[in-house]
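Here is a friendly note to read with the structure open beside you. Take the points one at a time and find each place as you go.

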Amino acid sequence: MFRRLGQAAVIVAASALLAFTWYCDQAWFDKHVYLPQQFSIPASRGIVFWSRTVAAASAVFLLLLVPFLPRGASARRLLVAVLLALPAAEGLLRWRMHRLTRPELLEAMDALTAPHPRYGVTLAPSIDRVQPMSGRPIRFRTDREGRRIPGALSDPALPSLVFTGESMVAGFGLQWDETFPALLGARLHFQVINLASPAYRADQSWMRLKDALPELEHPVAVVGVFMPGLVGRSFAGQRHPRARPSPSSGVEVLPAEPATFVERSGMYRLWRHLYWSDAEVEEGLRSLALVLGDMSALAKARGAPCIFLITGRTPQWMLHELFEAPALDYVVVEVPQTELLAEGHPGPAGSIRIADALEARLRTTIANQ
């Protein structure tokens, strides 16, 4: 009986690998693997070829193995070995996952962020710290709201450019004056309010903007950011909160569901990191569309235009669904890898490239208000 069960399991596994080989072409990988986790650095295109090749070879090997599966006591010993291998693999995955992120980046995150009761993990309030990042010391200063500042505190009465987003907008790896928000503030002669924080989801950026705008007397423009990786980080299949239209007006974000025992396992987390289903991607896009649309509405309610910086090699179909169809203003800027820091954030040259593209749109848009 053990032998027959083992043979059936091997045949099922081989069939799944063959189905993967047949269906998983470049378009499939783009939608289900690459895009929901792609920020500035694109994945290697060779991954598709080698993944299909290894899957096909593994399927053939498993099918050839079926007649040679042992019987009786040997089959039982093999089953016990497989079962014992599962907790060992789980322990290895948990150990390895903790080390996938660059240690320097993890150290910076631990030093510069703190839990917040409303926003989750965000830049810590009232810090003035020099942190090693990308091979040089970077000075980070924040106000009591956990917003990165050049030094002097912000004045809510001044005309302000408002930026919201994640670590690229916060300027991870850059001095304040090198960040594209600071460059735009200096060029356009407006105060900069930077609400961004590393590893923010889209709903966190929206919440920061929703809370900050009423406190500002003269918001001149709002600049948001979008990369395909925000689909996976924010909403797609990760037990993260979902957005839906509010019964009153605007948008509401549902509380995140707590992870189950299985969902905390290394094997499950690896699977969720590598694959998003059609339903999860579509749900993520629906939630993102609501959040991005409400960010634009919040800005326009204060008489300020809202412009989204689009990067991360966002495909045309995603641009159309999230920005063109709902008529949201956006500027596409792709930063070449030569202008990225080691951990993937824009370096000084990449920041200038972004500022140059946004400056032209901001000047025109503000002049037409």
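The points below go through a few places in this predicted model.

1. Let's begin with a patch on the surface. Ile11, Leu18 and Leu63 form this nonpolar patch, and together they have about 230 Å² of accessible area. One of them, Leu63, sits in helix 3, which covers residues 46-65. Leu63 has 39% relative accessibility, so it counts as partly exposed, because that class lies between under 20% (buried) and over 50% (exposed).

2. Next, look at a pair of helices. Helix 8 (residues 202-212) packs with helix 11 (residues 278-301) at an angle of about 20°, and their axes are 10 Å apart. Angles under 35 degrees count as roughly parallel, and helix 8 and helix 11 are therefore roughly parallel to each other. The crossing of helix 8 with helix 11 is left-handed.

3. Now find arginine 4 in helix 1 (residues 2-23). Its relative accessibility is 69%, so arginine 4 counts as exposed. Between the C-alpha atoms of arginine 4 and aspartate 155 there are 74 Å, and the two residues are 151 apart along the chain.

4. Finally, some backbone angles. Most residues other than glycine have a negative phi. Serine 126, however, has a positive phi near 55°. Serine 126 lies in the loop between strand 2 (120-123) and strand 3 (128-133), and it is exposed, with a relative accessible area of 54%.

5. Arginine 313 also has a positive phi, near 55°. You will find arginine 313 in the loop between strand 10 (306-310) and helix 12 (316-324). With a relative accessible area of 31%, arginine 313 is partly exposed.

Key. Residues are numbered from 1 along each chain as its sequence is written. This is a predicted model: local features need pLDDT of at least 70, side-chain atom pairs count only at pLDDT 80 or more; totals for chains, interfaces and linings use all residues. Side-chain values use heavy atoms; hydrogens and water are left out. Patches are made of residues with over 30% relative accessible area and no salt bridge: like charges are joined within 9 Å, nonpolar side chains (Val, Leu, Ile, Met, Phe, Trp, Tyr) within 5 Å. Accessible areas come from the Shrake-Rupley method with a 1.4 Å probe; for residues, only the protein chains shown count as cover. A salt bridge is a side-chain nitrogen of Lys or Arg within 4 Å of a carboxyl oxygen of Asp or Glu. Helices (H or I, at least four residues) and strands (E, at least two) are DSSP runs, numbered from the N terminus. Buried means under 20% relative accessible area, exposed over 50%, partly exposed in between (1.4 Å probe, protein chains only). Axes are lines fitted to C-alpha atoms, for helices over the stretch in contact, and angles run from 0 to 180 degrees between N-to-C directions. Angles under 35 degrees count as roughly parallel, over 145 as roughly antiparallel, 65 to 115 as roughly perpendicular and the rest as oblique. A crossing is left-handed if the near helix is turned anticlockwise from the far one by less than a right angle, and right-handed if clockwise.
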